[in-house]
Amino acid sequence: MNINFSGVSKIFPPDIAALVDINLNIEQGEFVYVIGQTGSGKSTLLRLITREILPSRGVASVGGYDLKRMRNADVPYYRRDVGLVAQDFKLIPSLTVYENIAFVMEAMSVPKRLVAERTKDVINQVGLWRRRSMRPAQLSGGEQQRVAIARALANSPSLFIADEPTGNLDFHTATEVMKILFAINAAGVTVVMSTHNQGIVNASRQRVVELDGGRLIRDEKGGTYTS
Amino acid sequence: MTTLRYVLRDMWRLIVHQWVLGLLTLITAGVMLWILGVTSLLSLNMENLLAGLESELAVQAYLVKDNTLDVEAIARRIQELEYVYSIKTFSPSDSLAKLQQKMGSQSRALEMLGDNPIPYNFEIHVNSASDVEPLVEVLKAMPEVDDVVYAGLVVKRISALSRITSRAALVMFLLAVIITALVVYNTIHISLYSRREEIGIMYLVGATRAYIATPFVLEGTLLAFLGAVLAAAGIIAAYFPALELIRENLPLLTNIIITDKTVIWRFCALLAGFGATLGWVCSYLVVARFINSMTRPE
């Protein structure tokens, strides 16, 4: 799934410019870091891609969908092709690890047997099968993040959005999470990840998109992150 | 079928998650729908009573004594009036015979009158009690009519009672509907609010609005339906013993009030259906509003 932003701006009321005239093209299968200081517009960019917010100006299209013109009824179907991992995990506290992952497929009316097979697959992929009956509160931060990744993988998305997925994790756990994300990318999935973590960015030398004050100030393949 | 199973499971989770609130809603809805049911039954019985009395109401119109009158033509003209349900013509001889029959052993006193003094007359039945007064006005204005006899005060009182009962029943009905609707609306709103984060996550990972909304709508519908079933059970438990009491103490009324068990059972089924519909409408409104506001992109 490719992403194309053309002259995209996002202005929050009353007059806060979160993104200004962004032109960006991300091809299918790329791994892109979105970097920048707090308030630079990283999360706004990702929220535009997931269509939680709409652009105030410009055209944002993802996988051929014009996000501004998209019908509300099409949004769930679009999102099923976009895996999302957030810094705060966004897991449902009342559900177990297994249920948190299974419900994404249940919402698509996937039969129970197939849900069970796929859920087992993705939980194994993130190495949490033995913790499948636990609730998010019983897991560590790293484990919760892995559950969120497993849930995002459940529908086999073509685009993976990760908003500071290592933000709350120690170095070792963050490295584990990154390994999973690289494995996902190696399978041909586009990954767009925002981060503050210089070590992670510099270690893998992927494409880097840097934002500052809502403006795109650098777009570099094999880039690094220096403050 | 798969979706239905998931949706029903989620509805059950919602009910279990907030079972105290659900129970309170069920009881409140039950009490309000019971009041609604009892008021409706009372109103139906009053209507029955009034209809029974109204069917007995008749206006007697006496024509002037004139052999040249076309009695049949006058009867047709009266029959065409909108208030008239039926009209029966009595000749002077018929009327006298009827009077003699009514008077029984005292009928010989009528022989003292000499010639039959009773003119042609009509017994007119109206559609409802409220039609009597305007009909009398029309009849009195007709030159062929000499006199009009009717139970004026009774008619007025029955009309007034009918109006009051109808209005009181309507007010009670509306009150019960509004309170039940508000209770269901609030319960579902609380349920939605307590799960707003979950709803947001579900929408974000690709659940459709319908999939998210249906368990909440079903919860409201089920609670109101169960409340209505509770109300129906309360009505059945109260109505039939009350009927027995009336039979023992006021047997005359048993011909007028509703005693047919089938009618009462049907009424209760209707009440249950009404409760479910009310619950569905309220839940749908609150869920649609809430989910629309939550899923609207900024």
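At what angle do the axes of helix 7 and helix 8 of chain B cross, and within what distance do they come? This tour of a predicted model starts there.

**Stop 1: helices 7 and 8 of chain B**

Select residues 196-204 of chain B for helix 7 and residues 209-249 of chain B for helix 8. The two axes cross at roughly 150° and come within 9 Å. Angles over 145 degrees count as roughly antiparallel, so helix 7 of chain B is roughly antiparallel to helix 8 of chain B. To see the contact, show the side chains of I199(B), M202(B) and Y203(B) on helix 7, and of R209(B), Y211(B), I212(B) and F216(B) on helix 8. By class, this contact has six nonpolar residues, one charged and no polar.

**Stop 2: helix 1 against helix 8 of chain B**

The crossing is right-handed. From helix 1 of chain B the contact includes Y6(B), V7(B), M11(B), L14(B) and I15(B); from helix 8 of chain B, it includes Y211(B), F216(B), L218(B) and L222(B). In the contact of helix 1 with helix 8 of chain B there are 11 nonpolar, two polar and three charged residues.

**Stop 3: the sheet of chain B**

Next, colour the four strands of the open sheet in chain B; their order is 2-3-1-4, and the pairing is antiparallel. Strand 2 (84-90) and strand 4 (145-149) of chain B are the edge strands, each with a single partner, so one side of each has no neighbour in the sheet. From one strand to the next the twist averages 20°.

Zoom in on strand 1 of chain B, residues 58-63, which runs antiparallel to strand 4 of chain B and is joined to it by four bridges. A61(B) stands opposite V148(B) of strand 4 here.

Helix 3 of chain B (residues 71-79) touches strand 1, strand 2 and strand 3 (121-126), and its direction makes about 165° with that of strand 2 of chain B. Helix 4 of chain B (residues 92-103) touches strand 2 and strand 3, with its direction at about 90° to that of strand 2 of chain B.

**Stop 4: between the chains**

Show both chains. Chain B and chain A bury about 2200 Å² between them, 58% of it on carbon and sulfur atoms. Chain B contributes 19 residues to the contact and chain A 31 residues. Select L204(B), V205(B) and E298(B): they supply 29% of the area that chain B buries against chain A, more than any other three residues.

**Stop 5: chain A**

Select helix 5 (residues 141-153) and helix 6 (residues 171-186) of chain A, which pack at an angle of about 10° with their axes 10 Å apart. Helix 5 is thus roughly parallel to helix 6 of chain A. Residues of the contact include I149(A) and L153(A) on helix 5, and V177(A), I180(A) and I184(A) on helix 6. By class, the contact of helix 5 with helix 6 of chain A has six nonpolar, three polar and one charged.

Finish with two backbone details. Most residues other than glycine have a negative phi, and most peptide bonds are trans. P13(A) and P14(A) are joined by a cis peptide bond, with omega about 0°; P14(A) is in the loop between strand 1 (3-12) and strand 2 (16-26) of chain A. R51(A), in the loop between helix 1 (42-49) and strand 4 (57-62) of chain A, has a positive phi near 60°.

Key. Residues numbered from 1 in each chain as written. Chains lettered and ligands numbered in written order. Predicted model: local features only at pLDDT ≥ 70, side-chain atom pairs only at ≥ 80, totals over all residues. Heavy atoms only, no water. Axes fitted to C-alpha atoms, helices over the stretch in contact; angles between N-to-C directions. Helix = DSSP H or I, 4+ residues; strand = E, 2+ residues; numbered from the N terminus. Left-handed = near helix turned anticlockwise from the far one by under 90°. Contact = heavy atoms within 4.5 Å. Nonpolar A, V, L, I, M, F, W, Y, C, P; charged D, E, K, R; others polar. Pairing = 2+ DSSP bridges. Buried area = accessible area lost by both parts, 1.4 Å probe. Parallel < 35°, antiparallel > 145°, perpendicular 65-115°, else oblique.
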